[in-house]
Amino acid sequence: MNQKTYYIEVLLPLYLKALIYSVPTEMRGSLKTGVRVIVPLGNRKIYSGIVVGICENTETGFETRDILGIIDETPVITAPQLELWKWIAGYYMCTLGEVMKAALPAYLKMESRTKVALNRADCSDLPGNAGLDSLDRQIIACLSDGQLSMEDLAKKTGRKNILPNIGKLLDAGIIGIEEELINNYRSKYRSFVSLHPDIDSEEKLGRLLDSLTKSRRQEQLLLKYIELASPLDFVYPLEIPKNELLDKSGVSESVYRSCEEKGILISVKKKIDRLGNTAATLKEQPELSPAQQKAFEELRAADRPALLHGITSSGKTEIYIKLIDAALNEGKQVLYLLPEIALTTQIIERLRAVFGSRMGVYHSSFSDAERTEAYNNLLKFNPRDGSACGDGYPEVSCGEGILGVRSSLLLPFRNLGLIIVDEEHETTYKQYDPAPRYNARDAAVILGRIHGAKVVLGSATPSLESYYNALQGKYDLIRLTERYGKAVLPEIRTIDMKRAFWKKKIVSNFSETLLNAIRSALERKEQIILFQNRRGFSPFVQCADCGHVAKCRYCDVSLTYHKYTGALTCHYCGYSIPMPPKCPSCNSPNIKTRGFGTEKIEDELSLLIPEAKIERLDLDSTKSKYAYQRILSGFEAHAVDILVGTQMITKGLDFGNVSLVGIMDADSLLTFPDFRAYERSFQLMSQVAGRAGRKDRPGEVIIQTTTPENPVIRQVIKYDYDSFFATQLNERRMFNYPPFCRLIVLSIKHSRQDVLNEAGNALKAMLLKTFGKDLAGPEPPPIGRIQNRYILNFRIKLKKNSSINPYKHLINTAFIQLKSEKKYAGIITVADVDPM
Ligand code: ADP
Ligand code: ZN
Ligand code: ZN
């Protein structure tokens with residue numbers, strides 16, 4: 001045959017690189033990069049994968065298999081998106097497939113075992129029902145008895161290539177994937193009301209109103225519509241949600257129906273997106289203060305990534321809002337990143353009040369359906385100014401902006417104009433497990449470069465890395481040094497807990513000073529936040545007679561006592577046993593709780609100040625879906641006086657009535673075994689202190705510590721970021737830590753310690769050749785065994801400016817070589833670039 005060979009690279013959501021497939025002649029016409037195709041893999045499986053490359057006429061040198069079909073007409077990923085994925089895979093040492101897996105919502109990752117089910121038994125009212133073909137109907141019929149895997153569906157319908165139809169039915173919301181989706185991906189349809197098109201002038205409307213004087217309720221309804229839709233546009237009459245209109249006019253459904261029958265109003269059913277983005281009441285934006293205005297202009301002018309260093313409550317968020325507004329008005333997209341727990345309804349509502357539906361939300365607690373929707377909206381992005389970006393989508397503007405967490409960085413943006421990384425110092429921007437182990441802050445800078453977008457990193461306590469970059473001239477540095485409205489920063493005091501102890505001025509875990517401050521704040525009807533960075537009742541329990549400490553069976557850590565559940569629990573693997581009545585080692589009943597967590601603080605406080613209303617905010621108290629929100633709104637509404645919490649309470653919350661913040665135990669932060677412990681302590685203490693005295697109330701912060709002279713504590717008290725930065729940077733330079741080197745941590749894990757130790761030595765021998773004295777290890781991390789796997793770490797410190805790709809290749813090769821030996825085959829290898 002004299003035909004050109006036609007190959008494509010297909011990316012699958014597996015731990016693989018892109019695979020090469022060939023394309024049958026009849027399919028070539030409709031193939032584009034970015035669309036999904038169906039491919040066979042192994043003997044029996046089929047997968048949907050994404051075309052990431054088309055190569056005509058290349059010789060593969062091996063036999064390739066044909067693709068089975070093409071699913072999409074338009075691409076499901078965008079070119080800049082794929083470019084970022086490739087950068088992440090390269091820089092963070094993982095495969096493109098792993099990035100893809102993290103980025104795509106489940107429905108874009110179908111494979112033969114994926115189960116689908118019917119969302120609704122009755123499809124008659126769906127728009128486009130007429131568009132169903134016979135295979136669609138056959139699939140619906142097969143699913144009417146319950147969910148089926150794609151494999152089984154293919155068998156039942158007797159058709160090999162059902163994925164395109166499945167895709168269509170999914171899009172229409174008729175079917176859903178896996179249990180999670182079955183209940184959730186139900187497209188929500190809602191009725192919207194507008195003026196009948198026949199009423200196309202003021203005159204006609206006037207006459208109509210005159211004719212309604214006898215039907216008072218109908219008149220009432222029409223007047224309400226006119227009021228809500230004002231100013232009236234007769235060409236494109238505003239559509240108002242029907243339930244809202246009925247609610248506000250106070251008339252019944254039957255009154256509405258008579259209006260419809262008379263040809264006054266009409267209604268349409270529309271699919272609304274489930275982020276709740278319907279007509280929000282838009283609020284006027286406040287004027288920026290002169291200091292904010294100056295920062296805003298500097299940020300607008302910046303032609304590099306910019307670091308906005310603004311103290312807590314200096315009004316950074318208001319500046320972000322102005323920046324977003326400017327970018328949207330230019331017809332560009334916006335990405336506003338926040339750490340997971342800082343993404344609260346507080347911030348969502350603040351943005352929604354200004355931008356309404358223009359900013360979508362992307363949160364990891366959303367269902368896959370919700371994430372799918374955000375994903376699809378971005379794909380269909382069309383700016384309001386009409387300049388075309390979408391692939392011929394005629395729809396109304398959507399996908400303009402996303403407020404989201406780390407993973408929203410991986411979404412299909414087309415034309416970003418602005419990326420904001422708020423609280424840029426947060427360690428949760430780094431994904432640890434599973435791969436891709438990327439830092440969203442650093443990847444955001446790359447994404448900005450890909451789109452030519454402005455990147456703003458904001459924080460009251462910037463990370464050493466970013467601040468160093470700013471001082472080096474890699475980033476622009478913009479400062480806000482005063483709080484908005486001249487609110488003053490709270491005064492911070494330390495209490496020396498050792499002295500207080502000897503002077504007998506400690507009750508339970510409270511110094512007298514802190515207790516008195518709490519009491520007088522309560523008298524003034526002000527609220528209090530108490531911060532303790534440990535959850536549970538006590539981090540360990542110990543036998544007072546023999547010293548035995550209860551440990552996890554599977555991890556090398558002590559078990560935390562939770563009084564509420566009466567159990568000893570491992571915070572690493574979840575292993576849990578009832579609190580033993582006697583010491584398992586010497587049978588003594590004398591078992592003591594040691595140290596304290598949030599639960600114990602709450603417990604003690606309720607005994608010391610029984611009249612106070614106390615709530616706790618930590619991982620344990622927020623397990624149910626809305627608990628976090630409930631606790632925060634309760635506190636905001638002052639239904640609660642004292643909020644005790646872990647670092648969850650430090651994130652970007654803005655409460656007007658908090659006048660006192662207590663840091664229960666600064667020592668536990670400062671002694672954490674990690675080179676970033678001081679940096680984190682400074683950030684956490686400064687952030688939690690910033691919760692006190694916002695708006696017009698002066699606040700007070702009390703830090704309990706046994707080392708009040710610790711330089712970090714002194715720097716926190718004086719709000720002296722610059723001196724904190726200088727001392728920490730100096731230490732990093734002395735011991736050659738980031739930002740002076742690029743750190744890669746390699747971990748190997750295995751259930752047998754002897755095998756692991758041997759493997760550690762073998763790996764060391766391989767790595768030593770290349771890295772020499774830049775290599776440290778193997779050594780066990782502070783917790784040397786987790787979930788029954790022993791762990792050994794290596795640290796590699798590479799020069800900052802050297803190209804690191806060849807080294808990464810060497811590391812991967814060493815891993816492969818190690819595992820090719822039979823006795824080491826079961827070893828898990830992990831490479832973590834720029835660990836946090
Ligand atoms: P940050 O993000 O720096 O902590 P915020 O943007 O949350 O600070 O501002 C702190 C408080 O000041 C908020 O309650 C905010 O509404 C208010 N605020 C900030 N800037 C303005 C402004 N220009 N006009 C009115 N209120 C403002
Ligand atoms: Zn004992
Ligand atoms: Zn454990």
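**Stop 1: a helix crossing**

Select helix α16 (residues 464-471) and helix α24 (residues 721-734): their axes come within 11 Å and cross at roughly 95°. That makes α16 roughly perpendicular to α24 (angles under 35 degrees count as roughly parallel, over 145 as roughly antiparallel, 65 to 115 as roughly perpendicular and the rest as oblique). Axes are lines fitted to C-alpha atoms, for helices over the stretch in contact, and angles run from 0 to 180 degrees between N-to-C directions. Helices (H or I, at least four residues) and strands (E, at least two) are DSSP runs, numbered from the N terminus.

Now show side chains. On α16 the contact is made by Leu 464, Glu 465, Tyr 467, Tyr 468 and Leu 471. The α24 side includes Tyr 721, Phe 724, Phe 725 and Arg 732. Contact means heavy atoms within 4.5 Å.

A note on the model: it is predicted, local features need pLDDT of at least 70, side-chain atom pairs count only at pLDDT 80 or more, and totals for chains, interfaces and linings use all residues. Residues are numbered from 1 along each chain as its sequence is written, chains are lettered from A and ligands numbered from 1 in the order in which they are written, and side-chain values use heavy atoms, with hydrogens and water left out.

**Stop 2: the sheet**

Next, select the open sheet of 6 strands, in the order β19-β31-β30-β22-β29-β28, with parallel pairing. Two strands pair if DSSP finds at least two bridges between them. At the edges sit β19 (491-496) and β28 (614-617), each pairing on one side only. From one strand to the next, the twist averages 20°.

**Stop 3: the zinc site**

Which residues coordinate the zinc ion (ligand 2)? Select Cys 543, Cys 546, Cys 583 and Cys 586: their SG atoms coordinate it at 2.2 to 2.4 Å. Donors are N, O and S atoms within 2.8 Å of the metal (3.2 Å for Na, K and Ca); water is not among the atoms, so sites may look incomplete. Cys 543 lies in strand β23 (residues 540-543) and Cys 586 in the loop between β26 (576-578) and β27 (591-594), so the pair ties together parts that are 43 residues apart in sequence.

Finish with a surface view. Cys 543 is buried at 3% relative accessible area, while Cys 586 is partly exposed at 34%. Buried means under 20% relative accessible area, exposed over 50%, partly exposed in between (1.4 Å probe, protein chains only).
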